[in-house]
Number of protein chains: 2
Amino acid sequence: MLTIGALAKKTGTKVQTIRYYEQIGLMPDPGRTEGGQRRYGNADLDRLSFIRHARQLGFTLEAIRELLDLSDHPDRPCHEADAIARRQLKQVEQRLARLEALRAELKRMVHECAGGRTADCRVLEVLRDHSECLTDHSEIGA
Amino acid sequence: MLTIGALAKKTGTKVQTIRYYEQIGLMPDPGRTEGGQRRYGNADLDRLSFIRHARQLGFTLEAIRELLDLSDHPDRPCHEADAIARRQLKQVEQRLARLEALRAELKRMVHECAGGRTADCRVLEVLRDHSECLTDHSEIGA
DNA sequence: CTTACATCCTATAGCTACTGGAGGTTCAAG
DNA sequence: CTTGAACCTCCAGTAGCTATAGGATGTAAG
């Protein structure tokens with residue numbers, strides 16, 4: 001039986017994060033000691049490892065909820081899990097494309113900066129005038 | 001003189017977002033009509049365009065605050081603006097590297113899924129067992 | 001001049017995925 | 001039996017918006 005701190009260490013999760021996962025129903029209510037402290041077993045360790053791994057691969061908590069649900073029903077067909085993973089892959093590829101465009105633009109900005117007064121700074125100039133951009137980057141964020 | 005809605009349309013920003021930028025001090029308090037509605041001029045349009053463009057390039061609002069500050073003082077040396085852009089470029093490159101690793105892993109997962117029962121699903125299996133991964137992807141997010 | 005209606009106003013809450021702190025309790029070692 | 005690390009709950013905060021409620025304003029048509 002693991003304390004929450006031991007489970008946290010084993011999975012590379014913060015204690016608060018585990019409690020948070022419990023709160024939102026991603027982790028089940030664990031057993032408790034008489035004094036009210038949480039104690040975890042191997043099933044909990046597996047489940048949390050799954051969650052953390054999926055997070056590292058960029059899946060949202062909602063997607064992970066679905067994946068866990070599928071994982072809990074071994075007899076159902078697996079095309080749903082496949083679809084979720086494909087969706088994730090697509091998103092990653094879109095973000096990659098956007099980031100590559102950003103990198104090009106930033107490189108251009110930085111390389112053209114001669115290091116004089118801010119009045120002549122290419123970095124600021126490019127930000128001021130979108131029409132100087134070569135790429136589109138219309139969507140926000142990355 | 002532009003209404004907030006017109007300014008929003010011109011810059012591809014939501015009305016609420018403009019009010020939010022004002023609230024956090026990124027946009028100045030605009031003039032108002034007798035009835036209390038905001039009215040914007042060309043300086044506001046330029047400033048908001050600058051902000052939006054920088055956001056599209058992935059700069060945080062804090063970085064944008066610095067860039068705007070530099071932009072407001074044309075006689076200062078510009079190495080700070082350059083440093084901010086370089087920092088941003090570095091971050092973008094790091095994210096690119098991570099996303100490329102994720103893409104590889106997701107591709108492998110998806111391609112290995114044969115489409116049977118969830119019990120045999122490669123997607124779920126890989127998530128369950130991190131040791132099956134080829135890449136590291138230890139940091140979270142993307 | 002009035003009415004209709006789109007747009008505006010403020011204030012507040014919500015989103016994702018956590019993280020941190022205050023103030024108090026429990027557990028295990030010595 | 002005492003100490004002190006680790007636990008507990010509850011609440012607030014992060015970034016960067018977005019959405020809603022409930023009401024006021026501005027403008028164009030009749």
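Analyst: In this predicted model, α5(A) passes α5(B) in a left-handed crossing. The two helices, each spanning residues 79–112 of its own chain, have axes that come within 8 Å and cross at roughly 155°. Because angles over 145 degrees count as roughly antiparallel, α5(A) and α5(B) are described as roughly antiparallel to each other. Where α5(A) and α5(B) touch, the residues of the contact divide into 16 nonpolar, 2 polar and 14 charged.

The area buried between chain B and chain A comes to about 5,100 Å², with 70% of it on carbon and sulfur atoms. On the side of chain B, the residues that lose the most area to chain A are B:His53, B:Gln56 and B:Leu127, which together account for 14% of what that side buries.

As for charged pairs, the count between chain B and chain A is 2 salt bridges, whereas the count over all chains comes to 26. One salt bridge joins A:Asp75 to B:Arg117, with their closest N and O atoms 2.3 Å apart. Within chain A, the side chains of A:Arg65 and A:Glu62 also meet in a salt bridge, at 2.9 Å from N to O; these two residues lie 3 residues apart in helix α4 (residues 61–71) of chain A, and therefore about one helical turn separates A:Arg65 from A:Glu62.

Notes
Residues numbered from 1 in each chain as written. Chains lettered and ligands numbered in written order. Predicted model: local features only at pLDDT ≥ 70, side-chain atom pairs only at ≥ 80, totals over all residues. Heavy atoms only, no water. Axes fitted to C-alpha atoms, helices over the stretch in contact; angles between N-to-C directions. Helix = DSSP H or I, 4+ residues; strand = E, 2+ residues; numbered from the N terminus. Parallel < 35°, antiparallel > 145°, perpendicular 65-115°, else oblique. Left-handed = near helix turned anticlockwise from the far one by under 90°. Nonpolar A, V, L, I, M, F, W, Y, C, P; charged D, E, K, R; others polar. Buried area = accessible area lost by both parts, 1.4 Å probe. Salt bridge = Lys/Arg side-chain N within 4 Å of Asp/Glu carboxyl O.
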